[in-house]
Amino acid sequence: MMVRERQPDKAPDWPEMMAWRPDDFPTELPAEFDGRGGRARFMRASGVIRGYYGGQVRHGLSVFPREQWLFLDFATLLAEPNPTLDKVTRHIGVGRFKPYPPLRQLMAGSPSISGTAPTGADLMTLARPLEPELAEYVALTGLSVDHWTTERLLTGDLDAAEQATVYARKAGLA
């Protein structure tokens, strides 16, 4: 928004930034999602797109200059919220919080989801195509992903079948 106000001819539209999709992502609603509620089901089913972190950062860096970016680790935000907020306010050039806002859980997952419980093989099927994405994300941001579930599955530091059981229990499917 600040860029748009100062340089309206050089500021990208937010939809331009958010419209990025992997090259192989469907451009039309697949047939199995036809009918009532199909589009919403497709959007939930395509949630794996969120794992394309490297491509998203690469695209973002092509839209906004690197100096406008501040890459943060979410786990650090949760563990050290006030210093992380100080880093953010410094980056954008505004005063520090006085007082700091409380952390709140606003988007808790549903305690019960209908469907089939995932298997370890399912998790690995989702994780393997994301391996180059994680490597690109690390290279572009300088952040570690060693503690991320996908990375831990790919390196074998986390047992896929055990993690699938954890997810199934959390979703009320086990």
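I take a nonpolar core to be a set of buried Ala, Val, Leu, Ile, Met, Phe, Trp, Tyr and Cys residues joined through side-chain atoms within 4.5 Å. The model I worked from is predicted.

**Core.** I looked up the largest nonpolar core and found 15 residues in it. Those with the most contacts inside this core are Met124, Leu134, Tyr137, Val145, Trp148, Leu153 and Leu154. I then checked which elements give two or more residues to the core: helix 7, helix 8 (131-141), helix 9 (149-155) and helix 10. Helix 7 gives the most, with 3 residues.

**Valine 145.** I listed what valine 145 touches, leaving out residues up to four places away in sequence. The list reads Leu134, Tyr137, Val138 and Glu151.

**Helix 7 and helix 10.** I compared the axes of helix 7 (residues 120-127) and helix 10 (residues 160-170); they come within 7 Å and cross at roughly 100°. Helix 7 is therefore roughly perpendicular to helix 10. On the helix 7 side I noted Gly120, Leu123 and Met124 in the contact, and on the helix 10 side Ala160, Ala161, Gln163, Ala164 and Tyr167. I sorted the residues of this contact into 6 nonpolar, 2 polar and no charged.

**Helix 6.** I checked the length of helix 6 (residues 81-92): its 12 residues should span 16 Å at 1.5 Å a residue, and the end C-alpha atoms are 17 Å apart, which agrees. Its buried residues are Pro81, Thr84, Leu85, Asp86 and Thr89, and I found them packed against helix 5 (74-79). After helix 6 comes glycine 93, with a positive phi near 80°.

Key
Residues are numbered from 1 along each chain as its sequence is written. This is a predicted model: local features need pLDDT of at least 70, side-chain atom pairs count only at pLDDT 80 or more; totals for chains, interfaces and linings use all residues. Side-chain values use heavy atoms; hydrogens and water are left out. Axes are lines fitted to C-alpha atoms, for helices over the stretch in contact, and angles run from 0 to 180 degrees between N-to-C directions. Helices (H or I, at least four residues) and strands (E, at least two) are DSSP runs, numbered from the N terminus. Angles under 35 degrees count as roughly parallel, over 145 as roughly antiparallel, 65 to 115 as roughly perpendicular and the rest as oblique. Contact means heavy atoms within 4.5 Å. Ala, Val, Leu, Ile, Met, Phe, Trp, Tyr, Cys and Pro count as nonpolar, Asp, Glu, Lys and Arg as charged, and the others, Gly among them, as polar. The expected span of a helix is 1.5 Å times one less than its number of residues. Buried means under 20% relative accessible area, exposed over 50%, partly exposed in between (1.4 Å probe, protein chains only).
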